[in-house]
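This briefing concerns the structure shown below. It takes up helix packing, a sheet and a surface patch in turn.

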Amino acid sequence: MYTIVSKRYLSPAITEMKVLAPRVAASAQPGQFVIVRTDEAGERIPLTICDYDREAGTVTIVTQSVGISSTKINDMKEGDAFADFAGPLGRPSDLLEIPLDKLREMKILFVAGGVGTAPVYPQAKWLKEHGVTADVIIGARTKDLFTYVDEMQQVANVHLATDDGSAGYHGMVTGLIKELVENQGVKYDHCVIIGPMIMMKFASLATKEYGIPTMVSLNALMVDGTGMCGACRVTVDGETRFTCVDGPEFDGHKVDFDEAMRRQNMYRNNLKTNTETHKCHCNG
Amino acid sequence: MANKIPRVPVREQDPKLRATNFEEVCLGYDREEAMLEATRCLDCKNPRCQGQCPVHVDIPGFIREVVKGDMAAAASVIARDSSLPSVCGRVCPQESQCEGACVLGIKGEPVAIGKLERFVGDWAIENAPGDDEVRPIERNGHKVAVVGSGPAGLACASDLAKLGYEVKIFEALHKVGGVLVYGIPEFRLPKERVVAREVEAVKRLGVDIVTDVIIGRTATVDQLIDEEGYEAVFIGSGAGLPRFMGIEGENLNGVFSANEFLTRANLMHAYDETYDTPIYAGKRAVIVGGGNVAMDAVRTARRLGAESIIVYRRSEAELPARVEEVHHAKQEGIEFKMLTNPVRIIGTEDGWVKGIECVEMELGEPDESGRRSPIVKEGSNHVIDCDVVIMALGTSPNPLIKHTTEGLETNRRGCIVATEEGQTSRPNIFAGGDAVTGAATVILAMGAGRKAAAAIHKYLSAETDK
């Protein structure tokens, strides 16, 4: 069992939990994910690693309630334990492969949106620890929906964007990318985008226009997370890849986002996963 | 003198009823039936059955005990060579192994060796000693790590534990048993009543099993050796990577690998409404392939309420599945479209499967596998309407360990290169089962695990004497 040592709400629907999982914490790298299962009846749910503390043996996850299983996760309390917490899975971020001297000369941009903000944090933090301060664009509909801004400001230059103009740049992240590149003349050598699929699609189109090499972190459906099931198939550059073992990060300019979005909704109308038809067997 | 009676029939759930539930199909022999069937054995001087068993179970030996009604003695005869009799009695392809070699089979029906083994295995489970009755085995102070808790890993760990080694199994998934829990369905191999209890028997030997540890990610093989003090490692990580055909439309919604479909059903209990994991079998499901996995998938889809069809590119004679599974599938109303091969999957406007286009095949000259190779009949394209397609085309070993273990040789199919004894290109690393051979059978994996255990013992004994 894997105990939740701390839990806090980042917004009414998003929680951050630090979970005691020493083996995972010992090997975790930015960009990787874990598979968690709340209890014997639970689904295996992939979640991107948002931070890790090797000494304390904890791994941080951030979860947004969208369906039955994510709601079940968010209903767990400090002191409760996950039945399973397996990982780290997937390949670490490509940034870790770049030689440090080269990395220090690069101008790196992160684009984060929604629950995707937290998974950007370990990458920005890792860069900071290695002498690189990245730019991070965080987008939200309105300022109350921002998460992880304070944390991010400790490790990167943060640029905010809101659709309603309540904070930072007034407009979408694609507009802010344009503003930074075209009007402020920033030349980015590498970009990592993490957020809702639709945001990653359009942000990737924007960076493609400026020729900025771009990686996106996909949150495909998975069962085992180790390469066994193929539920997480995605087409990249015309070839089928498995998000769990070949990713989760892929070249954003080559991902077939429309297919990825369609596949993500495969079980949306399923009796079990739909919140309206789900028959709850929990004690609640 | 052997009893010249016909083979004692085994009771089964009614096909109509069982096609709607996940309970075990075959009900097995009771004590009287087993003892009667056992009397048919000729107790041959040169038992061909034993020679055809990959782990050389003393088949006439255990049957002699069944005849006497001494089930405990029968169980200990089997236990000398096999740690999973209840499993093997259910899933071994007996018709091509022990029963295929039985002298009685030349003119009539072979002895029901599989059903007898199953009976003895189940008897041993029911009459397992309590923890306090087990005499602890003296430990020799040497540590061995086993990667994967499938048949190869369990067999290897059992043998090493019996020899006194301190053995720990590292399992990636949350349940122990590998393909026995994620792959083979409940209706063929009950998980709690059989698999979990045979695993308990392995644990009683002193084997420690940890789940949720993915070797190659959570820790590498070299970390097990260098940091955790294991003197040898056995890799029995199986062949879990599904193959697809590479045809148009394979990423449509409603196309699954058999691995995904079966993992949802078996490991995640998706067919049970009290579990959260969803599964989708559609109204009409086409399963592509002809092996045991294809049969498991098609019968699972049938039980989930879909009209279910097997599409296979060769003829029925070439179906690689066990005869019993094909027979059961037909009884349950599965349609078999032989000499048929998919060329593309057709989708609706919003990206869901609506049909599969196939061509008819005819059999030509035998290919390198010795089977006659199928050739496309020109102009035979036709569409089978369906809303689900499941690909059961075989699996390859997961490349994770290969990528993360320096100096570990693999072949072009991604299988770990190992000798008959399980020795890999690294002196203290051994391997066996599907990770070495590619997808094969439970019993072959078990046999490989046992051979590797012997090789590890030999290696570590020599190292200690140095």
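This is a predicted model: local features need pLDDT of at least 70, side-chain atom pairs count only at pLDDT 80 or more; totals for chains, interfaces and linings use all residues.

Chain A contributes an open sheet of seven strands and a nonpolar surface patch of about 290 Å².

**Helix H5 of chain B**
- Helix H5 of chain B spans residues 71-79, and its buried residues are Met71(B), Ala73(B), Ala74(B), Ala75(B), Val77(B) and Ile78(B).

**The sheet of chain A**
- The strand order in chain A is E11-E10-E9-E8-E12-E13-E16, with mixed pairing.
- Strand E11 (169-170) and strand E16 (249-251) of chain A are the edge strands, each pairing on one side only.
- Strand E8 (residues 108-113) and strand E9 (residues 135-140) of chain A run parallel and are joined by five bridges.
- Leu109(A) has Asp135(A), in E9(A), as its bridge partner.
- Helix H6 (residues 173-183) of chain A packs on this sheet, where it touches E8, E9, strand E10 (157-162) and E11 of chain A.
- The direction of helix H6 of chain A makes about 150° with that of E9(A).

**The nonpolar patch of chain A**
- Ile198(A), Phe202(A) and Leu205(A) make up the nonpolar surface patch.
- Leu205(A) belongs to helix H7 (residues 197-209) of chain A.
- Leu205(A) has a relative accessible area of 47% and is therefore partly exposed, since that class lies between the limits of 20% for buried and 50% for exposed.

Conventions:
Residues are numbered from 1 along each chain as its sequence is written. Chains are lettered from A and ligands numbered from 1 in the order in which they are written. Side-chain values use heavy atoms; hydrogens and water are left out. Buried means under 20% relative accessible area, exposed over 50%, partly exposed in between (1.4 Å probe, protein chains only). Helices (H or I, at least four residues) and strands (E, at least two) are DSSP runs, numbered from the N terminus. Two strands pair if DSSP finds at least two bridges between them. Contact means heavy atoms within 4.5 Å. Axes are lines fitted to C-alpha atoms, for helices over the stretch in contact, and angles run from 0 to 180 degrees between N-to-C directions. Patches are made of residues with over 30% relative accessible area and no salt bridge: like charges are joined within 9 Å, nonpolar side chains (Val, Leu, Ile, Met, Phe, Trp, Tyr) within 5 Å. Accessible areas come from the Shrake-Rupley method with a 1.4 Å probe; for residues, only the protein chains shown count as cover. A salt bridge is a side-chain nitrogen of Lys or Arg within 4 Å of a carboxyl oxygen of Asp or Glu.
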